[in-house]
Amino acid sequence: MNHTSPAIVSQTAVRRLPRLALLLFCAAYVLPGFIGREPWKNADVSAFGVMYQLAQGNTSWWHPSFLGAPLEDAGALPYWLGALSIQVFSFLPADLAARLPFLLLLILTLSGTWYAIFNLARQKAAQPVMFAFGGEAHPTDYARALADAGLLALVACLGLAQLSHETTPAMARLAPVAGLLFAASRFALPGNGRTDWLAMLIWAASSAALAMGGGAVLAGFLGTGLLVFSYLTLQQQQQREATASTATPLVLALGILAVCVGLAHQTGQINTPPVRFPTDFSEWQRWLRLLVWFTWPAWPLAMWTLWGWRRQLLRAHVVLPLWTALTSIFTSAVNPAFDRALLLGLPGFAALAAFALPTLRRSFSALIDWFTLIFFTGCALVIWVVWMSMMTGFPAKPAANVARLAPGFTPSFSFWLFFFGALATLAWLWLVSWRVGRHRQAIWKSLVLPAAGATLCWLLLMTLWLPMLDFARSYGPIARRVALILPKISCVAADGLSQAQMASLIYQGNMDIRRIETPDAQDCQALVVAEEQQPSLSERIELTEWAYRAKVHRLNSRQEAILVYIRLSP
C-alpha cells in the first residue's frame, strides 16, 4: 500500500552545498590524527606492531602472529594493508606509512555513506510531495542535499573521531560496511532490465574485505539482511518487470557473499567474537551511556526519522540503514568491545539522521543548533585555556592539573600546531556568525554546526594538545627510557608484557623483543617484566642468573611499570 510522503521540501531548501567547502571540511576532519602523532595504546599500537612484524618478514603473511602468539582478531586484511604500505613507503616513518591505507579507508567510508544516502533519497517513496503549482525540490537536488546532510551527520558522531583515525581492524571493517550499504542502495533502485555491474563490483569487494578482515559472521548477517530488504522494497514498488530483472543480480550478490564468507572460513580468517550479554545492571548502564554519546547527534534524528516515516518503515530509504544500525547495536550489546562494534553502525545512523531533515520542525532544529553551539564552544574554550596555561602558566590551575596527571611532561610551543588550531577556531567563529544570520533555509543547515563543532574539537586536540596526548597515550616515553638502560643488548626477553607494550619496545625502543617462553629467548642478556608478574617470576626463570637493574614507570601512571633485569655473567 502506498503512503503519501511526509517530506515537504521546496527547491530553495535544497540548494547546493559548495563542493570546495565540503572537501576542505572533510580534509580538516580526516588529516588530523593520521599525521604527526605516535602510535597510541592499546589497540592502535598493538595492531601496528603486527604490521611492523609483517613488513620486517618476522611472521607469516597468511596467518599473522605477534612474536609467535596468535592474534585475537583473526582477520589478516588490516595487517596486510599496513604492512604493504610500510614496505611501499619505506622512506616514511613506519607508523605514518601504516596509517596511509586507513586514511584511504576513512575517505572511502565518507564517500560510501554519501553515495548510499544519495541513492536512497532517489527512491520514489523517499521523494517529497509535489506542490500543486510547482516549486517542489528537484529529485537530484533533493538527493544531493540529503547526502550532504548525511555526510555531516556521520562526521558529527562523537564516536567516530578517535576510532576512525586508528590503524585497527575495526576501521578496516567500517569502510566495507559503508560499501555494502551503498551497493544495497543501488540494488534497491529499479534496474530497468539492466544489471548494475558497478553495484555488483562494490558488493563483491566489500563482502571480501569484511570477511577477510575478521568480520565474516557480520558480513553474512548484515549482507543477507540488506539483500532481502532490497528485494522486498523492489516488490513494494509494484514494478513487476523491473523486480524480476533485478532479482538476478540480487541472487548473484547473495552468492558472492556466501563465497566470501566460505573462503574466509576455509582460510582461517573468520573471526567469531565472544558472545556475552552484559550480566549486571552496571554493565547495561555502561553500554547505554556509550550508545547515547557515541552516536550523538545522529540517534535523536534517527528516532525522528522512524516516527516521521513510520508509514514507510519497509521502504528502502528507511529499512536499509535501519538494518545496518540495528545489526551494529546487537553486535555491540553482545561484544565486550562495545565501542568498536558500535562503530560499524554509524553509516546507518547517519543515513537515518539525514531523512529526519525533510520532516524536522524548526524548533527542534533550533534546539540542536543552540545545544551544539554551547557544547562545542565550551569544549574549544577548555582546550584553549589549558593550552594557554601550559604555555604561559596563567591561569595556574590547569597547568598544575596537567603536571599532576602527566608528571615529567614539558610543554613546548609549535608555531604550526598553533597556526592550524587558530585557523580552525576562526573558521568556527565565522561559521557560527553565518549560521545565526538571516539566510535562505537549506535542508542541510541543521547539521553544519554539529559537524563543524566535532571537527573543531578534534582538530584542536590533534594540534594544541597533540604533544601532551602523545606523552599520555603513547608507550613511546617508557620504551625510550628502557632503551637508555639497555643500550647495547642484542635481544631482550619479555615476561607478562602486553602486546601493545612489546610493540612499543620493538618500534619506539628499537629492541629485539622475544617472549621468555620461546627457545630463542634463552640467549638474551636482558629481561623486561610486567610488575604484576614479579611475584611468580621465580616459577619461570632462575632468579640467581639475573640482576635487578631498574623499575620504569609510565610517567602518568604508577600502576603500570616495567622491571628491567640484566643477565649475570657466567
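Biologist: In which strand does D495 lie?
Modeller: The model is a predicted one. In it, D495 belongs to the strand that covers residues 492-495. That strand is β3.

Biologist: Is D495 buried or exposed?
Modeller: Buried means a relative accessible area under 20%. The value for D495 is 5%, so D495 is buried.

Biologist: With which residue does D495 form a salt bridge?
Modeller: Setting aside neighbours within four places in sequence, D495 is in contact with several residues, including I516, L527, V529, Q533 and R540. The side chain of R540 also makes a polar contact with that of D495, at 2.7 Å. The partner in the salt bridge, with the closest N and O atoms 2.7 Å apart, is R540.

Biologist: How many residues apart in sequence are the parts that this pair ties together?
Modeller: R540 forms the salt bridge with D495. R540 lies in the loop between β5 and β6, whereas D495 lies in strand β3, so the pair ties together parts separated in sequence by 45 residues.

Biologist: How many residues of α12 are buried?
Modeller: Helix α12 spans residues 316-333 and has 18 residues. The helix is mostly covered, and the number of its residues that are buried is 15.

Definitions and conventions
Residues numbered from 1 in each chain as written. Predicted model: local features only at pLDDT ≥ 70, side-chain atom pairs only at ≥ 80, totals over all residues. Heavy atoms only, no water. Helix = DSSP H or I, 4+ residues; strand = E, 2+ residues; numbered from the N terminus. Buried < 20%, exposed > 50% of the residue type's maximum accessible area, 1.4 Å probe, protein only. Polar contact = N/O pair within 3.5 Å; in protein donor to acceptor, adjacent residues only side chain to side chain. Contact = heavy atoms within 4.5 Å. Expected span 1.5 Å × (residues − 1). Salt bridge = Lys/Arg side-chain N within 4 Å of Asp/Glu carboxyl O.
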